[in-house]
Amino acid sequence: MAKKETQTPVPAIIDSVEALQAKMKAMREAQKKFSTYSQEQVDKIFFAAAMAANKQRIPLAKMAVAETGMGVVEDKVIKNHYAAEYIYNKYKTMKTCGVLEEDPAFGIKKVADPIGLVAAVIPTTNPTSTAIFKTLISLKTRNAIIISPHPRAKNCTIEAARIVLDAAVAAGAPEGIIGWIDVPSLELTNEVMKEADIILATGGPGMVKSAYSSGKPALGVGAGNTPVIIDDTADIRMAVNSIIHSKTFDNGMICASEQSVTVLDKVYKQVKDEFIYRGCYFLKSDEIEKVRKTIIINGALNAKIVGQSAYTIAKLAGVDVPEKTKILIGEVESVDISEEFAHEKLSPVLAMYKAKTFEEALEKSEQLIADGGYGHTSSLYINTNEKEKMAEHAARMKTCRILVNTPSSHGGIGDLYNFKLNPSLTLGCGTWGGNSVSENVGPKHLLNIKTVAERRENMLWFRTPEKVYFKKGCMPVALDELGTVMGKKKAFIVTDTFLYKNGYVNPIEQKLDEMGIQHTCFYDVAPDPTLTCAKEGTRQMLNFEPDCIIALGGGSAMDAAKIMWVMYEHPEVNFHDMAMDFIDIRKRIYTFPKMGEKAYFVAIPTSSGTGSEVTPFAIITDEEAGVKYPLADYELLPNMAIVDVDNMMSQPKGLTSASGIDVMTHALEAYASVMATDYTDGMALKAMKNVLNYLPVAYEDGTNLEARQKMADASCMAGMAFANAFLGVCHSMAHKLGAFHHLPHGVANALLLTLVMKYNAEEVPTKMGTFSQYEYPHTLARYVECANFCGIAGKNDQDTLDKFIAAIEDLKEKIGIKKTIAEYGIKEEDFLATLDEMVEQAFDDQCTGANPRYPLMSEIKELYLKAYYGK
Amino acid sequence: MKLDQIIATRDKKTVYKTDGLVIKVFNENHPKSDVFNEALNHARVEETGLNIPRVAEVTQTDGKWAIVTEYVEGKTLAQMMEEDPDNLQQYMNRFVDLQLEIHSKSSPLLNKLKDKLNRQINSLAGELDATTRYELHTRLDSMPKHTKVCHGDFNPTNIIIDKAGTAYIIDWAHATQGNASADAANTYLQFSLYDQRLAEIYMNLFCEKSDTAKQYVQQWLPIVAAAQMTKGKESEKAFLMKWIDVFDYQ
């Protein structure tokens, strides 16, 4: 069986679907070759093609007028000249091949690729200039272009394309890179549009609609109905003559051409006189009616008047006007579509309206645009000091080009009366006109821009209070700065009742008195501080007006003080907004208010625990709404942290145990976090080693100064680690377990910690965490580093992890932590009843994002169940 | 069948009345498929539930094909409009309501109006130049594609009102499914050919009752004018040409 011939010869005349398909196939081959050309080669071709088109501008103009019977040779010469020269000039240095831009620091590169085969539908009104324009921008972008000419203008359109093709090929372009249909029909036009990669469909609404329904991306343009307003501040002579110049250009066949002029009452006569003086003819009322019936038939434009002179049209209508008449003007009133003069006329026929006010003129223009020019062009003549009117005009016109003091035919196509409006013969009309582009079409619309993005790491940081003071007995020394260095006058102390009643505040007050700093103390902070409590503190603060806040206590007192600080500095804040979760603290939606403008914040911990003295976190409970607001922002960092073990010697056993194991959890989660860095690792490692070695001692013998000191340092260092690396899913789960079943935060963490470690250490997790620096699941190795630092080693990684976990379990036992949630007296049915809600909330907790393993809710549920039952 | 009472004579057919039946006898050379197609169209429209005379049979008489339908005793709406001009508005109301009722029906197997119009434009190669046909095809191609039942020759002579005042719509030879505004454009054209005043009354009423923009119906006028031109009436040619030779905005 003989195989079908794959290489169909391309017929010389494209007049059938088969011939067209063969032609397009060959063009695709040519384009493939063209797509490998360098910028230098392309620019040489672009130059040669533009030069050739420019040379033939007069013959092409003559051909166009002769063939279509429309327009003015001299004006078509300008259009051809413009299409060659202005397009070349604008884009001669534009990069359209290969790498367009590159930023090595960000690892980003933009690479231009040609689209492939461009289908071009060319209108009869600008048959040669549009052909020159479209072929030139296709060559510049290494695309092939196949032209579907209008049957009324096919010879001149094809001739323009041939001239550009011959010059391009002579300059090195592949043979047949520009093609055309020789015998146009709707069937072939549709075939071209269906098969091409993109359509440049300049044409009437019918053609544009066909282009869009072809299923290929289309850059179509539609009808215009450019309304002009002449404001009473305008330079009338310039305005009228600009309009005449533009409206008579090529006998009014440019789609951006003026169709109506709305003149403000005050200058109406002046405008009319100027039009008459410059050779325009105002139709008398019976003549208006004659012209109406001549230009529009059944709501459609009479083909016989398109691109004809004013004299010819008047003659057709049976109206006697001087032969040199420039424009026929009908003074009409209605802007409704039923008024023939309100239409696009594609001829030197103009409607003129009178408006009492600028507002009325705007309304008329809006209606005219809605009638038939959505998205195209509008025009305004005005004194440019009238900023307000101009802004109102720009806001109201639903057109993609709004021209000021500019002849719109010339102005709309760009670069003639404004040099930042891109030159083009295809004017996008936006979605108003059913178009995909709203600007003047150019080479960039014929390129696929590829973005090459290399992996880059996030910028990380290490942020901590400007002053972190530590060592036994450092508190009074540190506080001295408030008076001697900073000259503070009023200090507001926040603490809890227990500490206050037991005299912990006395040394601070003594020191403040000594320095002559006025002070007051709010000591009503309870565990899990409430919004009511913080509001009361704030009220007192607002009365007292401190320039310094001193928080003394555990996490509760320090958190409450942070909240009061926020409300004191910014009484307007909304907690809902501040508490909004984020993926990346630097990209969060809410911008935290600037802190520290009223008061300097000093944090003095009395437990070794939360690390709140160095963290940007605070939790507050709105007991009325039953909502916990976890706030996180570096604005919440205290300005000074004073870690003095003298404040920590009398922690009760339960507190030592619970807050001590919390420190361990902070250190381990910060170390395993996807955001962990060498900076936070050092802090975390030292902290966890301290806990492992000294927590049992501190628990057994609270008076052991060394153990207390090591735990105080561990707490603060772990705080700094997780203030920057954040935490993980153990904390997410502990937050909800504590909230639902009233377990102390440290205990809740302790019950989950080793389960989560095993879970995170999985080498084949269901999903890993998303963070640019986090390359692959490596948490097992990370835990091994922790174990080794703490002096624990096994025969392999898994064994080391097992031994490390055993050591942590041993630690928990030594400090009196029970094995399961059940052992803490939480009833099974209560636990199970709340389980699903806890799971969902834990999954959604702010801490989950930094976990190295991205948890499924079912996995969190399993972890909770294991923690409850111990298996 | 006794064929002695002629009620109408046309180029291609003669219509007789007998025993409560209408017999449409086609000329000898009339294509058989056209006859069956007309009967089939008619039957399809019957099934939509519109009030129309039923097809009784397709038969042959003296070697000529014929379609037999029920006879309706009454006056055409055209006669009534002529005899009672004072109530023209009322008749026109009835007329438009009937057309809208047709448009409310669907009959998925009827021929497509768009296909028919495309064929008609193609067949005008002798009358219209390639550019004009191209413009007409482009215009037709861009019009929305609908599937409403269209009578195709909806004018007051095709509506019979019986003594009880019930209206019957007859002559379904041109029935298709398509865009109702095209059907309305054709009706407007039929009016325009002999009375522009009636045409305007009709157009306004149709647009008002169907909530259609006049421009939208007008967009079909060049196309239905071309379709009308296929009938080859020399006297209409100049008038139709004026409607056809319009310019799509560019």
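Mentor: Let's begin with H742(A), which is exposed, as 11 other C-beta atoms lie within 10 Å. Exposed here is 12 or fewer such atoms, buried is 20 or more, and partly exposed is in between, with C-beta atoms placed from the backbone. This is a predicted model: local features need pLDDT of at least 70, side-chain atom pairs count only at pLDDT 80 or more, and totals for chains, interfaces and linings use all residues. Residues are numbered from 1 along each chain as its sequence is written, while chains are lettered from A and ligands numbered from 1 in the order in which they are written.

Trainee: Where does H742(A) lie?
Mentor: In the loop between α25 and α26 (745-760) of chain A. H742(A) is not a glycine, yet its phi is positive, about 55 degrees. Helices (H or I, at least four residues) and strands (E, at least two) are DSSP runs, numbered from the N terminus.

Trainee: And D528(A), what about its phi?
Mentor: Also not a glycine, D528(A) has a positive phi of about 50 degrees. D528(A) sits in the loop between β20 (518-525) and α19 (531-544) of chain A. D528(A) is partly exposed, with 19 other C-beta atoms within 10 Å.

Trainee: Switching to helices, where is the kink in α29(A) centred?
Mentor: On L835(A), with a kink of about 45 degrees. That bend is the angle between axes fitted to the seven residues ending there and the seven starting there.

Trainee: Which residues of α29(A) are buried?
Mentor: F831(A), M838(A), V839(A) and A842(A). Their cover includes α25 (729-741) and α30 (857-869) of chain A.

Trainee: How do α2 and α4 of chain A pack?
Mentor: Helix α2 (residues 39-55) and helix α4 (residues 73-91) of chain A pack at an angle of about 160 degrees, their axes 8 Å apart. That makes α2(A) roughly antiparallel to α4(A), a label for angles over 145 degrees, where under 35 is roughly parallel, 65 to 115 roughly perpendicular and the rest oblique. Residues making the contact include F46(A) and F47(A) of α2(A), and H81(A) and Y88(A) of α4(A). Contact means C-beta atoms, placed from the backbone, within 7 Å.

Trainee: Last one: how many residues of chain A are in contact with chain B?
Mentor: 29 residues of chain A, and they are in contact with 20 residues of chain B. On the chain A side, the largest share, 5 residues, comes from α8(A).

Technical notes. Contact = placed C-beta atoms within 7 Å. Axes fitted to C-alpha atoms, helices over the stretch in contact; angles between N-to-C directions.
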